[in-house]
Each structure stands twice: as C-alpha cells, then as structure tokens.
Amino acid sequence: MAMAATPVYAPSIATTTITTTKPLSRSLPRLNLPAPNPYSLRTPSSLSLRAAQTTRRPVVFASASTAFEVDQAPASAAASKVLPFRVGHGFDLHRLEPGYPLIIGGINIPHDKGCEAHSDGDVLLHCVVDAILGALGLPDIGQIFPDSDPKWRGADSSVFIREAVRLMHEAGYEIGNLDATLILQRPKLSPHKETMRANLAKLLGADPSVVNLKAKTHEKVDSLGENRSIAAHTVVLLMRK
C-alpha cells in the first residue's frame, strides 16, 4: 500500500506543481503585458507626439503670423466671426495742459486744464474705440486714425466711435457690456458720470444698463496724481448677433 501510494500521489503533485506554476509564470506576462500594452504604450506615445506637434506648431505659426497680422488684421478678424463672443481691452492717456477744453465721453467738463491731443483728446472715447478694435482683432486707433493725418486735427472723437461701431456691426457683433475706468486727480467727475455714461451708450447704440463708468483718483502719485495727465481703461464684451 505504501509503495502504491507513493507513485499515485507523488506524480500528481509534481504534475500539478508544474502545470500550475509554469502556465502561471508564462501566462501572466501574456495576459498582463500584451493585453494592456497595445493600448497603454501606443496611446500615450501617440498622444505625446500629437501634443508635441500642437504645442510647437502654434508657437512657430504665431511667431510667423505676428509679423504680418498688422497688415492683414481685417482678414484675421473676418476669420474669427464664428466666435460667439470676443473681449477687448483699451487704454489711453493724455497730458493735461492749460488752454484746452476737457472733453470726456463727449461731454465738456469745466476745468482749468484740458487734454493736449491731435483730435479733441477725449480719453474715454479713444479708450473705448481701442477696446472695440482690439476685440475685433483690428489695428489700434492710432493706425486707423493716425495723428499724422491733418484731417483728424481737432476732430470730434464721436467720429472714431461711430467708425468702430460700424466695423463691429460689419463683423457681426454687438455690445454685450462695457466697463470703463477714468483715472484723474481733478476735477471730481461724480456730478458728470451719468451724463457721460448716457452719451457713451447713445454713441454705441447700446442700452445704458450694459455701459458702466467709474472714476478714480491716483492718490497724488505721478503725473496722474499731480493733475498733469488723465488716463482711462476699458474692457468690452462683444456678442455675436
């Protein structure tokens, strides 16, 4: 019985050990490595190649196109008409000098100084024009209405606003909302803000509720705080019609 038991159980144990150990050691690499690897290895490599292309190409493309975007800005703006909205920022600054009228937002503000400029020096309207042009991807106000052109000398800045609004509608957009900030030490603009805001909304053809106007001093710091200059910032949101 002992002799018969040994060959019966020993070979089965050995066979079981071999069949369970070797297939497991061989099947694990086949199951774990080949199955995930075609996806886990190839997918990241393909993604990394694509990522490299997308991160490099726009840089090269942008640097190549930036040089001629100034000359071909209207074309680039036309190509962007599919966007549901566009955002633009404008900035302007003028020196304040005696002997000039102080016109802000198309309103003549009583003051002993005014803006020295080629046109009427309306810092708010110039700033708004730049914001709209920027949102459309067009050149700035100085390129479209250069101060080297005599026909703009002393021009009413509402002319610039109307042209910017025309370009905006031509591109298929309208004012979503606009927020402007005036920076000057004197005079105080609180008594005139609502009049300026209403006139700006009228020039833009927008509801007054989407046009906001704020005024800040410069805490007597630098030319703005010393009443030697006036500045304005504007952010505008254009919505697709």
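I started with H218, which is partly exposed because its relative accessible area is 25% (buried means under 20%, exposed over 50%, partly exposed in between, with a 1.4 Å probe and protein chains only). H218 sits in the loop between β6 and α9 (222-225); helices here are DSSP runs of H or I with at least four residues, strands are runs of E with at least two, and both are numbered from the N terminus.

A note on sources: this is a predicted model, where local features need pLDDT of at least 70, side-chain atom pairs count only at pLDDT 80 or more, and totals for chains, interfaces and linings use all residues. Residues are numbered from 1 along each chain as its sequence is written, and side-chain values use heavy atoms, with hydrogens and water left out.

Which residues does H218 touch, leaving out those up to four places away in sequence? I found I183, Q185, L224 and G225, with contact meaning heavy atoms within 4.5 Å. Q185 is 33 residues from H218 in sequence, yet their C-alpha atoms are 6.0 Å apart.

I got 48 residues, and I104, I132, L136, L182 and L204 touch the most other members. Among the elements giving two or more residues are α5 (123-136), α7 (158-170), β5 (173-183) and α8 (193-204). The top contributor is α5, with 11 residues.

Axes are lines fitted to C-alpha atoms, for helices over the stretch in contact, and angles run from 0 to 180 degrees between N-to-C directions.

With α7, I read an angle of about 20 degrees and axes 9 Å apart. That makes the pair roughly parallel (under 35 degrees; over 145 is roughly antiparallel, 65 to 115 roughly perpendicular, the rest oblique). On the α5 side, the residues meeting α7 include L125, V128 and I132; on the α7 side, F160 and I161 are among them. By class I have 11 nonpolar, two polar and no charged residues (Ala, Val, Leu, Ile, Met, Phe, Trp, Tyr, Cys and Pro are nonpolar, Asp, Glu, Lys and Arg charged, the others, Gly among them, polar).

With α8, the axes come within 12 Å and cross at roughly 40 degrees, so α5 and α8 are oblique. L124, L125, V128 and I132 of α5 contact L200, L203 and L204 of α8. I noted seven nonpolar, no polar and no charged residues there.

Terms used:
A nonpolar core is a set of buried Ala, Val, Leu, Ile, Met, Phe, Trp, Tyr and Cys residues joined through side-chain atoms within 4.5 Å.
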